[in-house]
Amino acid sequence: MAEPLGVRVAATVDRRGVDVTFAAAQGQLTALIGPNGSGKSTCIQLVAGGLRPDTGSVVIDATTVADGRRMLPSHHRRIGYVEQRPLLFPHLSVLDNVAYGPRARGIGRAEARNRAERELAAVGAAHLLDRKPRALSGGQAQRVAIARALAIDPDVVLLDEPFAALDAAATPELRRLLRERLAGVTTLLVTHDLLDVLALADGVVVLDHGRVVAAGDVDAVLSAPASDFLADFVGVNLLHGTATDASRLELSDGSEITGIGELTAGAPARATVAPGAVSLHTVAPGGSPRNTLLAEVLTLDSRGPVVAVTIAVADQRLRADVTAAAAAELGLVPGSPVVAVMKATQVSLHPAMPTG
């Protein structure tokens, strides 16, 4: 039996070069990630009602709220929206800010205020109800924004970089609060932070150049990155090639990588390896069988006791994290020839993601 549908977007926005199809399961939190300009904000605006698709449709809880011919206005959609900035009404008290949504939907003043009080208590902000927004800290204001979003019993909550403008000290507690308060609520989260995805999301959709390049369960998608962006996001190297057998990948220069996986000979494939699992040498070391790749140093980035060395392997890039002492001993500078070495047991092999 298919999962209950929370949100489904299958739409194009021609002027933004966006053509996406993805679904967010009912009652789950789905993260939207991707580089700047990949289409994340467009997806949020399609669901919120700020954009009409040129073709396709947007469906919320089995109701088509937009397609190429018609669009349900934003104020007729039951959407809770939390952005980077809380955007509270400056002239209203905290209590009346949260009560505004229920009042706008026809609930009486007393009942709306009672609901607002309950939501403020649930986010730990009951003591703030008489304050004006200017008297709130950033973290307090975002708590109020969360309470306001949930006070309307939303069909879907949209979180657009909700922690981006906050002090780092306030973020962990707000993550915990959202995980607790959004349990069972269909939610879309736009973020650039891996910890947000790991701490909050059930599923993830990866966007690039206005297209969905990967989607599914968080662990499955993050453990087998489908794009260079996603590999960098997770913190691993990604190399593309062609499988020569079930556990071997050939790069464009003919060099091969052995790893752990199940590939189909002749099919496009990819390898992932952590930067810390890549060692650099001036000559290939002997001993147990290892992957050895001829490379050239491109850049060095000192990060305290660790130096992140970017190297060119065939026509691709790889990062190796080495100690500062090792970098000095090897005399690494841009242009230096090196041998990149990695154990087969530390390389994961994956079939390439389908395109189109």
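This is a predicted model: local features need pLDDT of at least 70, side-chain atom pairs count only at pLDDT 80 or more; totals for chains, interfaces and linings use all residues.
Val306 stands opposite Thr323, a residue of strand β18.

**The hairpin**

Two strands make up this piece. Strand β17 covers residues 306-313, and strand β18 covers residues 316-323. In which sense do β17 and β18 pair, and over how many bridges? They pair in the antiparallel sense, over 8 bridges. Together β17 and β18 form a hairpin, with 2 residues between them. Ala314 sits in the turn and has a positive phi of about 55 degrees.

Which residues of β18 lie on the covered face, and which on the uncovered one? Gln316, Leu318, Ala320 and Val322 make up the covered face. The uncovered face holds Arg317, Arg319, Asp321 and Thr323.

**The whole chain**

Now step back to the chain. Its secondary structure comes to 9 helices and 20 strands. Its C-alpha atoms fill a box of roughly 80 × 45 × 35 Å along the principal axes. Of its 356 residues, 46% count as buried. The chain exposes about 16700 Å², and carbon and sulfur atoms supply 51% of that area. Among contacts with a separation of 6 or more, 65% join residues 24 or more positions apart.

| Side chains | Number in the chain |
|---|---|
| Positive | 33 side chains |
| Negative | 37 side chains |

How far apart do the centres of the two sets lie? The distance between them is 10 Å.

Notes. Residues are numbered from 1 along each chain as its sequence is written. Side-chain values use heavy atoms; hydrogens and water are left out. Buried means under 20% relative accessible area, exposed over 50%, partly exposed in between (1.4 Å probe, protein chains only). Helices (H or I, at least four residues) and strands (E, at least two) are DSSP runs, numbered from the N terminus. Two strands pair if DSSP finds at least two bridges between them. Contact means heavy atoms within 4.5 Å. Accessible areas come from the Shrake-Rupley method with a 1.4 Å probe; for residues, only the protein chains shown count as cover. Lys and Arg count as positive and Asp and Glu as negative; His and the chain ends are not counted. The place of a charge is taken as NZ of Lys, CZ of Arg, CG of Asp or CD of Glu.
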